[in-house]
Amino acid sequence: MTLSQDKVVTQEIITEDDRTGLSVTTLRRAIADNLFYLQGKTPQTATINDYYLALAYTVRDRLLQRWLATSQTYLDPEIKVVCYFSAEFLVGPHLGNNLINLGVYHNVLEAVEESGLNFSQLLEQEEEPGLGNGGLGRLAACYMDSLASLEIPAIGYGIRYEYGIFDQEIKNGWQVEISDKWLQYGNPWEVPRPEAAVEVKFEGHTVADTDEAGNYQVRWIPGYILQGIPYDTPITGYQVNTANTMRLWKAEACKSFDFAKFNQGDYYGAVDNKVTSENLTKVLYPNDEQMKGKKLRLQQQYFFVSCSLQDMIRIHLAESDSLDNFHEKFAAQLNDTHPAIAVAELMRLLVDEHGLPWDKAWEITQNTLGYTNHTLLPEALEKWSLSLFSSLLPRHLEIIYEINHHFLQLVKTKYPNNQEKLANLSLIDEDKGKYVRMAHLACVGSHAINGVAELHTQLLKETVLRDFYELFPDKFNSKTNGITPRRWMVLSNPRLSELITEKIGDRWINHLEELKQLESWADDAEFKQQWRDIKQAIKQELADYSEQLGVKVNPDSLFDIQVKRVHEYKRQHLNVLYILTLYNRLKQNPDLDIVPRTFFFGGKAAPGYYMAKLIIKLINSVGEVVNNDPDIGDRLKVVFLPDYNVKLAQRVYPAADLSEQISMAGKEASGTGNMKFSLNGALTIGTLDGANVEIRQEVGADNFFLFGLESPEVNELKAQGYNPYDYYASNAELKAVIDRLGAGDFSPEDKDLFRPIIDNLLHQDPFLLLADYQSYVECQDRVSQAYKNQDNWTRMSIINVARMGKFSSDRSIAQYCEDIWHTSAVPIKLQEYAQADAVLQVN
């Protein structure tokens with residue numbers, strides 16, 4: 001209180017809870033408390049990991065109120081909840097993203113730095129949950145971010161893999177897989193909920209009988225039962241109070257220790273059940289080349305689907321007496337075919353466990369489920385042998401037969417006397433052995449089927465799902481994928497984000513279409529210089545990182561980047577052919593004036609995919625020669641970035657000048673890396689494949705480097721009888737490149753090392769590298785010419801960013817909500833902190 005001659009001035013004293021307060025002082029005190037009370041450490045004994053955990057718990061405290069308030073909406077019978085079923089969630093590190101979404105990034109940074117700690121070091125300390133292989137899992141993570149940011153009540157259901165996707169090391173140029181021990185130091189973001197465990201049955205046999213009322217019923221007598229333990233993680237929305245739940249299931253034995261066996265001296269037998277049970281969720285996607293791997297993969301898929309559907313039914317029955325309106329409470333989206341067993345499992349639960357009539361259960365199932373297809377590769381549409389299915393899930397096979405019986409009656413009505421249609425549409429593939437077709441099951445059991453880009457959806461209708469489209473045209477729709485700008489701009493590219501916000505305000509962060517305003521700055525000389533300066537600073541940081549890997553690169557060179565899962569259809573080896581073309585040109589004419597280029601690659605190959613692993617070896621072998629050739633200097637460099645993951649991606653996307661999106665047209669469903677590069681100001685060289693088509697439409701043909709055959713041309717060329725050798729024989733540069741590779745110049749220790757790649761290209765070339773080679777080389781030469789004019793290149797970069805509004809995952813989710821899920825936003829209200837209310841009161 002301050003006294004003056006005529007008045008009394010009272011200063012308001014604000015009291016903050018140490019668990020929710022956001023002032024720098026309160027945050028510092030909370031970090032110290034968590035270090036002491038949760039980690040049991042003092043600054044004298046604390047490690048970097050202790051400080052990271054103390055900070056993570058401090059941030060988690062601040063979102064718990066939002067999380068618990070949001071969870072209450074799941075129980076409200078009037079509110080529809082989205083359930084996103086995905087075998088992968090590649091969420092990336094949580095700490096930075098939560099700071100952005102809670103709006104406390106700068107306060108926390110200040111609190112950490114004032115405490116004498118290095119903020120960047122603590123961010124880097126977080127172990128990334130590698131719960132996905134690539135685009136599928138990353139899309140699921142972006143969608144969870146957008147669901148929360150749009151205030152849509154949602155639960156993401158998946159698997160808590162103890163070991164995620166392998167860590168990748170490069171030894172002698174080869175990929176080596178190392179176990180991903182992401183849980184070894186604990187996970188501060190998850191909360192185990194053992195009281196919500198469910199039981200999941202496997203194997204055994206079924207018994208048919210009648211109930212007390214004389215109704216036919218089937219009982220499944222399982223061979224064994226596992227427990228599913230849920231682990232919950234909050235997913236915050238941007239600057240809203242919504243924090244949704246990602247619920248991941250861990251498998252455990254119902255009886256984890258057998259005292260009788262232990263007392264008999266059978267110490268291994270005493271814990272055998274526990275070990276065997278926990279193996280189910282031990283590792284992401286077991287190698288399924290062997291039957292044991294196939295069985296474990298199907299077990300994983302069924303396990304998480306059954307756990308999740310039982311959980312949804314439990315939530316529904318907590319506030320409702322009937323399951324008749326289950327589909328009005330929940331919308332469940334199947335992220336690709338991995339969760340397709342949900343069709344049969346929901347029917348089993350409704351009919352066998354809860355006694356609903358078949359027709360009513362089928363109505364509920366179809367109206368609950370939606371199916372997103374992510375592939376045009378027929379071999380990627382999962383099929384399981386009847387022998388495996390019948391031994392592992394005997395009741396589900398019976399249900400699938402019944403669904404198929406009803407469905408084929410419909411097909412016969414529509415196409416009388418058409419055995420070909422019946423065979424094509426049947427849920428059972430009887431060609432070369434008998435298999436359950438999981439994509440067919442998803443199509444029949446869902447009310448909506450969507451592709452993930454306009455071209456992809458059109459090709460689905462024309463190729464792999466054509467028969468279903470002709471039968472159910474109204475089910476099909478397109479939902480082009482999107483990315484969250486919170487992680488892929490605000491967090492990963494803060495300098496460019498701040499420059500954009502300075503010019504157009506910050507509304508673009510959750511209304512990405514606002515970026516359109518940047519076009520008015522595209523010709524502003526000062527703005528373009530600021531844009532270039534930011535890009536150059538980020539490139540220097542990637543150059544420093546490259547030097548740590550042993551390759552010194554020129555930060556003024558064009559950074560040409562291709563980072564994605566390594567697969568032949570993604571054509572990393574086409575990129576290598578161009579590198580060798582440049583190398584040959586420079587060797588023939590050392591004085592050749594070229595735009596200096598640094599080629600960055602990153603990505604993992606599936607452990608059992610030899611050709612993809614050989615491509616990684618090829619990239620590294622070419623780099624070893626090119627990077628150490630004194631004739632080349634810093635005009636051409638090749639860098640392979642090991643262990644590509646979300647954390648590394650946040651470093652890579654902002655540094656790119658050129659984005660390589662060069663898959664054969666008609667093979668990539670959508671892609672989201674293309675969007676992340678463009679949003680960060682890279683220009684794209686690409687084919688008309690996946691979402692490239694729509695990106696080019698949005699940014700304009702003049703701001704996109706297009707090459708290659710289009711999808712109809714690909715089909716036409718293959719139908720005519722494609723002979724790749726003709727392209728090799730008639731193109732001198734291409735012949736020189738392949739001959740040099742075949743001569744062993746890049747594998748002196750084994751001159752035939754790359755013979756499998758060469759033979760494949762010359763005699764099969766299923767992804768048309770040689771057909772597209774000349775177009776690609778000419779397009780790359782246009783890139784070099786364009787890069788020489790830095791002023792116009794910068795303008796094109798700005799235009800790319802300005803026109804990326806369509807590719808926000810917020811837009812994607814809004815379309816799912818309107819067209820498929822029929823859900824709307826539910827704003828969450830929080831109570832203000834009052835010290836008098838901060839006591840336990842049980843009513």
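Modeller: A contact means heavy atoms within 4.5 Å, and among contacts in the chain between residues at least 6 apart in sequence, 76% join residues at least 24 apart. This is a predicted model, in which local features need pLDDT of at least 70 and side-chain atom pairs count only at pLDDT 80 or more, while totals for chains, interfaces and linings use all residues. Residues are numbered from 1 along each chain as its sequence is written, and side-chain values use heavy atoms, with hydrogens and water left out.

Biologist: What radius of gyration does the chain have, and what would a compact globule have?

Modeller: The radius is taken over C-alpha atoms, and the globule rule is 2.2 Å times the number of residues to the power 0.38. For 843 residues a compact globule would come near 28 Å, and the chain has 28 Å, which agrees. Along the principal axes, the C-alpha atoms fill a box of roughly 105 × 90 × 60 Å. Buried residues (under 20% relative accessible area, with exposed over 50% and partly exposed in between, using a 1.4 Å probe and protein chains only) make up 58% of the 843 residues.

Biologist: How many helices and strands does the chain have?

Modeller: Both are DSSP runs numbered from the N terminus, helices being H or I of at least four residues and strands E of at least two; the chain comes to 33 helices and 25 strands. Because 15 of its 18 residues are buried, helix 23 is largely enclosed by the rest of the structure.

Biologist: Which residues lie on each side of strand 3?

Modeller: In a regular strand the side chains alternate between the two faces of the sheet. In strand 3 (residues 81-85), V81, C83 and F85 lie on one side and V82 and Y84 on the other, and all are buried. Two strands pair if DSSP finds at least two bridges between them. Strand 3 pairs in the parallel sense with strand 13 (residues 330-335) over five bridges, where V81 stands opposite F330; four bridges join strand 3 to strand 4 (residues 154-159), also running parallel, with V82 opposite A154.

Biologist: Which residues touch the most other members of the largest nonpolar core?

Modeller: Nonpolar side chains tend to be buried together in soluble globular proteins. A nonpolar core is a set of buried Ala, Val, Leu, Ile, Met, Phe, Trp, Tyr and Cys residues joined through side-chain atoms within 4.5 Å. In the largest, of 114 residues, F85 and F389 touch the most other members. Helix 9 (residues 291-319) gives the largest share of this core, 11 residues. A second, separate core of 82 residues includes L491, L496, F559 and L648.
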